[in-house]
Amino acid sequence: MIRVGVAGAAGRMGVAVCSAVDGAEGMELTARADPVLGVELASVLGDCDVVVDFTQPDVALGNALACLAAGVHVVIGTTGFDVAALEGVGGANVFVAPNFAIGAVLMMRFAAQAAAHMAAAEIIELHHDAKLDAPSGTASRTAELMAAASGRGAPVIHSVRLPGLVAHQEVILGDIGQTLTIRHDSMTRESFMPGVLLAVRRVAALERSPLVGLEHLLFSD
Ligand SMILES: NC(=O)c1ccc[n+]([C@@H]2O[C@H](COP(=O)([O-])OP(=O)(O)OC[C@H]3O[C@@H](n4cnc5c(N)ncnc54)[C@H](O)[C@@H]3O)[C@@H](O)[C@H]2O)c1
């Protein structure tokens, strides 16, 4: 049994993660940390093998460092914090994904492939209006992958924040007389849960840490 704690347990994503962990084979939900619940992460680390963090950009790094100092592996979904600050920090493993939805990972991969063959591209990312960071972690990561694949500068990113949205992204590539649009939509937060549970199962055995991107757990190349 993997003992799993959730940081940000009262948040939109945290609630979905708690219920996914609760229903998953081989896992036990042992802690729900959130100031809203009056539970500090530091006070529950002894009950956890893995902590899943869906909190805020300004607290995710501190939470991760506390986990590592306690020898607890951490799976981070929070976006908009400095992952590089976790380089070289030992104690346990860190896995970070700007997007845990398989469709979004495929969208990023196809966009990078297409970027090598089309003249130019722009990214439109659309999220609910309570999202704290812009551009989204997914859009920044897509731009990074497209820049590496094309050898050009990173595509411009446009951010839309509106009630009614969950998490959506469109990559539009243009060339002479044609465009190609690659779009992914997360309609519900359940879309992220298979990826989160996969990361919880794999984080203890990572060959490097921090490891960024669900593609590393899904694809052999
Ligand atoms: N990687 C992905 O696939 C993915 C998908 C959706 C959202 N996100 C990201 O996840 C994060 C959370 O999103 P959300 O919509 O659930 O936000 P939210 O505001 O609904 O929830 C965040 C929760 O974190 C809690 N929190 C604040 N400080 C804390 C601390 N020190 N310890 C523990 N909990 C703390 C808050 O009280 C709140 O309940 C955001 O950064 C968002 O961009 C990532």
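Which residues line the largest cavity?

1. The residues that line the largest cavity are Asn99, Met107, His127, Thr138, Ala167, His168, Gln169, His184 and Ser186, where a lining residue has an atom within 4 Å of a point on a 1 Å grid over the protein atoms alone, and a cavity is a set of points where a 1.4 Å probe fits but cannot get out. About 60 Å³ of space lies in this cavity, the volume being that filled by probe spheres set on the points.

2. This is a predicted model, in which local features need pLDDT of at least 70 and side-chain atom pairs count only at pLDDT 80 or more, while totals for chains, interfaces and linings use all residues. Residues are numbered from 1 along each chain as its sequence is written, and side-chain values use heavy atoms, with hydrogens and water left out.

3. The ligand is surrounded by 24 residues (a heavy atom within 4 Å), and the closest are Met13, Asp34, Thr79, Phe100 and Lys131. By class, this shell has eleven nonpolar, nine polar and four charged residues, with Gly counted as polar.

4. Of the 870 Å² of accessible area that the ligand has on its own, the protein covers 84% (Shrake-Rupley method, 1.4 Å probe).

5. Phe54, Phe95 and Phe100 form one aromatic cluster, and the count of aromatic pairs comes to two (ring centres within 6.5 Å). Phe100 is also among the residues closest to the ligand.

Key. Rings of Phe, Tyr and Trp (its six-membered ring) pair if their centres lie within 6.5 Å; planes under 30 degrees apart count as stacked, over 60 as edge-to-face and the rest as tilted. On a 1 Å grid over the protein atoms alone, a cavity is a set of points where a 1.4 Å probe fits but cannot get out, and a pocket is an open set with protein on both sides within 12 Å along at least five of seven lines; lining residues have an atom within 4 Å of a point.
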